[in-house]
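Me: I have a model open and would like to learn how to read its features one at a time. Where do we begin?

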Amino acid sequence: MLADEVLVAGQWRQGRGAPIKTIDPATGQVIATVHAASLDDVEEAVTAAAHAAHDPAWRELPAHLRARLLHRIADFVERDADRLSALQTADTGKCRTETRALVLSAAGTFRYTAAALETAEDAITPSRGPYVTMSVHEPIGVVGAITPWNSPIASDAQKLAPALAAGNAVVLKPAEWTPLVALALGRLVHQALTEAALPTALLSVLPGRGSVIGDAIVRHPAVGKITFTGGTNTGRTLAHAAADKLIPVSLELGGKSPTIVFDDADLEQALAGVMYGVFSSSGQSCIAGSRLFVARSRYEEFVGELVARTEKLRVGPGTDPDTQVAPLVHHKHRDSVAAYVDLAREEGATVRCGGAAPEGDSYRDGAYYLPTVLDGLPNSARVCQEEIFGPVLVALPFDDEDDLVAQANDSVYGLACGLWTRDHAKAWRVARRIDAGTVWINTYKQFSISTPFGGLKDSGIGTEKGRDLIRGYQRQKSLYWGTGTAPLPWAAN
Ligand code: ADP
């Protein structure tokens, strides 16, 4: 069994909070006991982070040397990719192919951010008087980063890399169910900071309860920015806390993303894309395409084939290279997904496939749930409106483009959308009419660090990724530098 310490103010030690048992959801076995951080640990970490952020060794470090630190972290992540991938599979249940890709994407995030940092420019603005005007960007100080359990290393890196690149210190709180990868990444960052003789208190990793440890980080007066990925209700709570302190907050929240199959789509491609879009990661993805809209004329043909193929998906442990649908992150989460399917039944849904945990000894102890297709419900049903965050797809027919757009946009969420059509003009038109931060056309769930990502409506505020990813972690300052020799008007008095 692994037992891990937490990282408080540059020191590895046992947290002073309650022990968190973390399980392998494929077996239900406890794989590690992590002593959570306490409120005193938060106080110590944030105070030390504020000092570290102001340490001239860090604050005055030129951008290209900060970039070197990020490359070094990426080197370590790549070197340890197999170990990190195995750890993440044990902690989250995800397939090894996916966790390996997430680890490599985390390394890529550090490298891309290093490149963005080295090439970011401040501006000399057009002068309107006898002065030179400049707009410069400076670190905020201490960033509180709060991450969810579904893709830990990728979401940790997406916050850590730009926050450090911007010149801040970071206090990171991973999710209770999956603290191990954030701690492992913390060890690598700590090693890179030590090697570069930089203040190690620039990063603390504090696992613990969100409502206690997360809340204390958010409310701490020395924390100047909150970056969060997680559920919409929690995001709203954090936004209130940030409003009280008048600090910036960026929120990547939930989704109930439509995938749309038009009557002229390449159905073979659409079938593969729709299935991958919702059932990969066992549906535990904010961008899962969990509402399927199919043109009424092709509805039965498409949904019938989709159900036939979904029934053949291979459900198994993330360690088996043949597995397509791995266990959910935790038995409690599996139960919440199952409760949603029961609710769908009460709402009058037809369960076209799945709708239960798989049977058999090999599944008995794991947090498994069969990939499920539901239909027969209106878009107003709760299972069409609420995020289930599991392998559950709800299918609906549409009549024409206006009907489709009205139904697709009838959601509090606005995170992502997929369109399957051969008609380019229609793809362009519909993509622009859908309320979503990302629209995929004839593809789905493709991600690139070089393209901004963010949600509309209840799916979030702000964006991550893209060339300007560092700016969200900086504050802007204007400088007026007098160049005239004549005194200002009042000087004569
Ligand atoms: P999910 O719905 O994906 O479980 P949550 O929004 O509950 O997501 O959790 C995402 C992260 O937010 C986790 O690290 C969790 O511990 C943290 N969290 C939950 N509640 C709060 C809170 N009140 N304040 C700060 N962080 C919180």
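Reply: Begin with burial: a residue counts as buried when its relative accessible area is under 20%, and as exposed when over 50%, with partly exposed in between. Keep in mind that this is a predicted model.

Me: Is Phe 389 buried or exposed?

Reply: Phe 389 has 16% relative accessibility, so it counts as buried. The residue lies in the loop between α13 (382–385) and β17.

Me: Which other residue other than glycine has a positive phi, near 55 degrees?

Reply: Asn 442, with phi near 55 degrees. Asn 442 sits in the loop between β20 and β21 (456–457). Its relative accessibility is 32%, so Asn 442 counts as partly exposed.

Me: Which residues does Leu 419 touch, leaving out those up to four places away in sequence?

Reply: Asn 442 is one of them, along with Ile 260, Phe 262, Ala 427, Val 430, Ala 431, Val 439, Trp 440 and Ile 441. Leu 419 belongs to strand β19 (residues 416–420). Because its relative accessibility is 0%, Leu 419 counts as buried. For a separation along the chain, take Leu 419 and Ala 36: they are 383 residues apart in sequence, and their C-alpha atoms are separated by 43 Å.

Me: How should I read a sheet?

Reply: Strands of a sheet pair through backbone hydrogen bonds, and the pairing is either parallel or antiparallel. In this model, seven strands form an open sheet with the order β15-β16-β17-β14-β13-β19-β20, and the pairing is mixed. The edge strands are β15 and β20 (438–441), each of which pairs on one side only. On average, neighbouring strands of this sheet are turned by 25 degrees against each other, direction ignored.

Me: Where in that order can the mixed pairing be followed?

Reply: Start from β15 in the order and move to β16 and β17. Strand β15 (residues 350–353) runs antiparallel to β16, joined by three bridges. Val 351 stands opposite Leu 374 in β16. On the next step, three bridges join β16 to strand β17 (residues 392–398), and these two run parallel. There, Val 373 has Leu 393 of β17 as its bridge partner. Strand β14 (residues 291–295) also pairs with β17 in the parallel sense, over five bridges. In that pairing, Arg 291 stands opposite Val 394.

Me: Which way do the residues of β16 point?

Reply: In strand β16 (residues 372–375), Thr 372 and Leu 374 point one way, while Val 373 and Asp 375 point the other way. All of these residues are buried.

Me: How should I read a pair of helices?

Reply: Two packed helices are described by the angle between their axes and the distance between the axes. Take helix α3 (residues 63–79) and helix α7 (residues 180–195): their axes are 9 Å apart and the packing angle is about 135 degrees. That angle makes α3 oblique to α7. The crossing of these two helices is right-handed. Residues in the contact include Leu 69, Ile 73 and Phe 76 of α3, and Leu 185, Leu 188 and Val 189 of α7. By class, the α3 and α7 contact has nine nonpolar, one polar and three charged residues.

Me: How does α6 cross α7?

Reply: α6 also passes α7 in a right-handed crossing. The axes of helix α6 (residues 152–165) and α7 come within 9 Å and cross at roughly 35 degrees. On the α6 side the contact is made by Pro 152, Ile 153, Asp 156, Ala 157, Leu 160 and Leu 164, and on the α7 side by Val 181, Ala 182, Leu 185 and Val 189. The classes in this contact are nine nonpolar, no polar and one charged.

Technical notes:
Residues are numbered from 1 along each chain as its sequence is written. This is a predicted model: local features need pLDDT of at least 70, side-chain atom pairs count only at pLDDT 80 or more; totals for chains, interfaces and linings use all residues. Side-chain values use heavy atoms; hydrogens and water are left out. Buried means under 20% relative accessible area, exposed over 50%, partly exposed in between (1.4 Å probe, protein chains only). Helices (H or I, at least four residues) and strands (E, at least two) are DSSP runs, numbered from the N terminus. Two strands pair if DSSP finds at least two bridges between them. Contact means heavy atoms within 4.5 Å. Axes are lines fitted to C-alpha atoms, for helices over the stretch in contact, and angles run from 0 to 180 degrees between N-to-C directions. Angles under 35 degrees count as roughly parallel, over 145 as roughly antiparallel, 65 to 115 as roughly perpendicular and the rest as oblique. A crossing is left-handed if the near helix is turned anticlockwise from the far one by less than a right angle, and right-handed if clockwise. Ala, Val, Leu, Ile, Met, Phe, Trp, Tyr, Cys and Pro count as nonpolar, Asp, Glu, Lys and Arg as charged, and the others, Gly among them, as polar.
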